[in-house]
Amino acid sequence: MSELFFQNLDELEPLAEQVLPKTVFGYYASGSETESTLRDNRAVFSRYRLMPRMMVDVSNVDTTCTLLGRELAYPVLIAPMAMQCMAHPDGELAVSRAAAAEGIPMVQSTMGTVGLADVRQAGAGGPLMFFQLYVFKNRAFVRQLVQHAERSGYNGLMVTVDAPFLGKREADERNNFKLPDGLRLANLEGLGANLGKETASNPSFNPVDANSVAGAATRDAAVHDAGEGSGVSKHFSDNIDASLTWAFVAWLRSVTSLPIFVKGILSAADAERGVDAGVDGIVVSNHGGRQLDTAPASLDALPAVAAAVGKRVPVLMDGGIRRGTDIIKALALGADAVLLGRPVLWGLALGGQQGVQKVLETLRKELRLSMALMGCPSLAHLNRRMVLVPWEHPSARL
Ligand SMILES: Cc1cc2nc3c(=O)[nH]c(=O)nc-3n(C[C@H](O)[C@H](O)[C@H](O)COP(=O)(O)O)c2cc1C
Ligand SMILES: CCCCCCC(=O)C(=O)O
């Protein structure tokens, strides 16, 4: 790779647009409907101001934190993102290796274009890895997938709860987006298989649903051959269980011993429900502005969720993280760590594993410098008083 030059993560999107096919760039970059939540995820960070402390010894700055008992080099995880081989032939393998090299976790999407075991193996040197779970109507398949992830060495599950259907992504509709020929949703290959034998031992398993997804060939064709609108959207609604409720957590607990995080929480009420249902972690997220348009920016939703959780379980957050100061604001407002989405895909498209590493390194260096300028030699020094919220800050009234 020739040296990939950029100064900050905001510069990456236009660079990636030059190298990616229009359909792929549109799928990666876009949000739903008016994209107002997508924009607000980013804009919100300039509404919050940082208040530094002076005369603190910051000659050494420690960016480490712990999650699930493991040390992370800095409080960032790579967000689950589908279909990474569209960005680069090494896809999820390159991202997994980059995360491990940087000492941070990757969250592997159910909708990966490389099988989950290979992705776990590629990241073997890293601190830990999550498997992001989409819950299919076919519960026997879900059970098999989860147990495959557990056996493959994943350390936790992240169940996405904000996508009973995919949001209305108009770029994908315009571009007739579909999975390019030659790529596959590698984890879904048994989805159409007859796994219905589990019906008797699993009261929540619905054999009607299982039958409705029989015929993997038909379903895979749906991902590749978009008719009207987006093929992935149709594939998703054919297979994902839109009837999911909090009762699912108990069912999942019965089939795995992995910690269970839920991703896509925006309200204090849902955070309470999640903790009551026994989850091991909450991810404040609006799915990068790709699901419900006009949902609140993740950073705006974070303080109330963190207050409701009250440190009973870790709170993670994603949406619009692009700068070291963004991480500081999220942590000061109650997050234990953040997830980074699209810039990872841009780094991947521009330079494979090295490109992703450069993205992560840029963010890590910004975080370290900003911690020093904040008077915070460690993340434990960050606190709520270091962030001026909009209603305390005069410019918010402009
Ligand atoms: C191209 C793309 C694919 C995504 N795929 C998934 C997915 O498979 N599962 C999931 O839970 N979230 C998915 N997300 C949402 C991300 O995990 C994350 O919430 C979001 O991208 C964070 O916002 P950011 O991109 O502004 O950092 C996806 C996001 C993008 C951009
Ligand atoms: C049939 C593949 C659908 C992938 C959806 C992944 C996702 O969550 C996204 O936001 O896009």
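**Helix α11.** I began with the packing of helix α11, whose buried residues lie against β7 (156-160), β8 (260-265) and α12 (268-277). Packing here means contact, that is, C-beta atoms, placed from the backbone, within 7 Å of each other. Helices (H or I, at least four residues) and strands (E, at least two) are DSSP runs numbered from the N terminus. The model is a predicted one, in which local features need pLDDT of at least 70 and side-chain atom pairs count only at pLDDT 80 or more, while totals for chains, interfaces and linings use all residues. Residues are numbered from 1 along each chain as its sequence is written, and chains are lettered from A and ligands numbered from 1 in the order in which they are written.

I then asked which residues of α11 (residues 247-255) are buried. They are Phe 248, Val 249 and Leu 252. Because these three cover an arc of only 105° around the axis, they sit on the same side of α11; the arc is taken from the directions that run from the helix axis to the C-beta atoms. Ala 247, Ala 250 and Ser 254 are exposed on the other side of α11. I use buried for 20 or more other C-beta atoms within 10 Å of a residue's own, exposed for 12 or fewer, and partly exposed for anything in between, with C-beta atoms placed from the backbone. As a reminder to myself, an α-helix has 3.6 residues a turn, so residues three or four places apart point the same way.

**Ligands.** I listed 23 residues around ligand 1, with Ala 79, Ser 109, Thr 160, Gly 288 and Gly 341 as the closest; a residue is near a molecule if its C-beta atom, placed from the backbone, lies within 6 Å of it. Sorted by class, this shell holds nine nonpolar, 10 polar and four charged residues. Ala, Val, Leu, Ile, Met, Phe, Trp, Tyr, Cys and Pro count as nonpolar, Asp, Glu, Lys and Arg as charged, and the others, Gly among them, as polar.

Around ligand 2 I found nine residues, of which Ala 82, Met 111, Val 232, His 235 and Arg 290 come nearest. That shell divides into six nonpolar, two polar and one charged, and helix α10 (residues 231-239) gives the most to it, with three residues.

His 287 lies in the loop between β9 (281-284) and α13 (298-309), and it counts as buried because 25 C-beta neighbours lie inside 10 Å. Not counting residues up to four places away in sequence, His 287 touches Asp 162, Ala 163 and Gly 264. The backbone of His 287 has a positive phi of about 65°, although the residue is not a glycine.

**Lys 311.** Lys 311 likewise has a positive phi of about 65° without being a glycine. I placed Lys 311 in the loop between α13 and β10 (315-318), where it is exposed because its C-beta neighbours inside 10 Å number 10.

**Thr 37.** I found Thr 37 in helix α3 (residues 36-47), where it is buried, with 26 other C-beta atoms within 10 Å. Leaving aside neighbours within four places in sequence, its contacts are Gly 31, Asn 286, Gly 289, Asp 293, Thr 294, Ala 295 and Ala 297.

**Gln 7.** Gln 7 lies in the segment before α1 (12-19) and is exposed, with 7 other C-beta atoms within 10 Å. I recorded 7.7 Å between the C-alpha atoms of Gln 7 and Thr 362, which are 355 residues apart along the chain.

**Whole chain and confidence.** I counted 15 helices and 12 strands in the chain, and 51% of its 398 residues count as buried. The chain averages a pLDDT of 91, with 89% of the residues scoring at least 70; pLDDT is the predictor's confidence in each residue, from 0 to 100. Over residues 196-219 pLDDT stays under 50, and there the model has 37 contacts beyond four places in sequence. Where pLDDT is low, the predicted coordinates should not be read in detail. For the complex, I noted an ipTM of 1.00 and a pTM of 0.93 from the predictor.

Notes. Contact = placed C-beta atoms within 7 Å.
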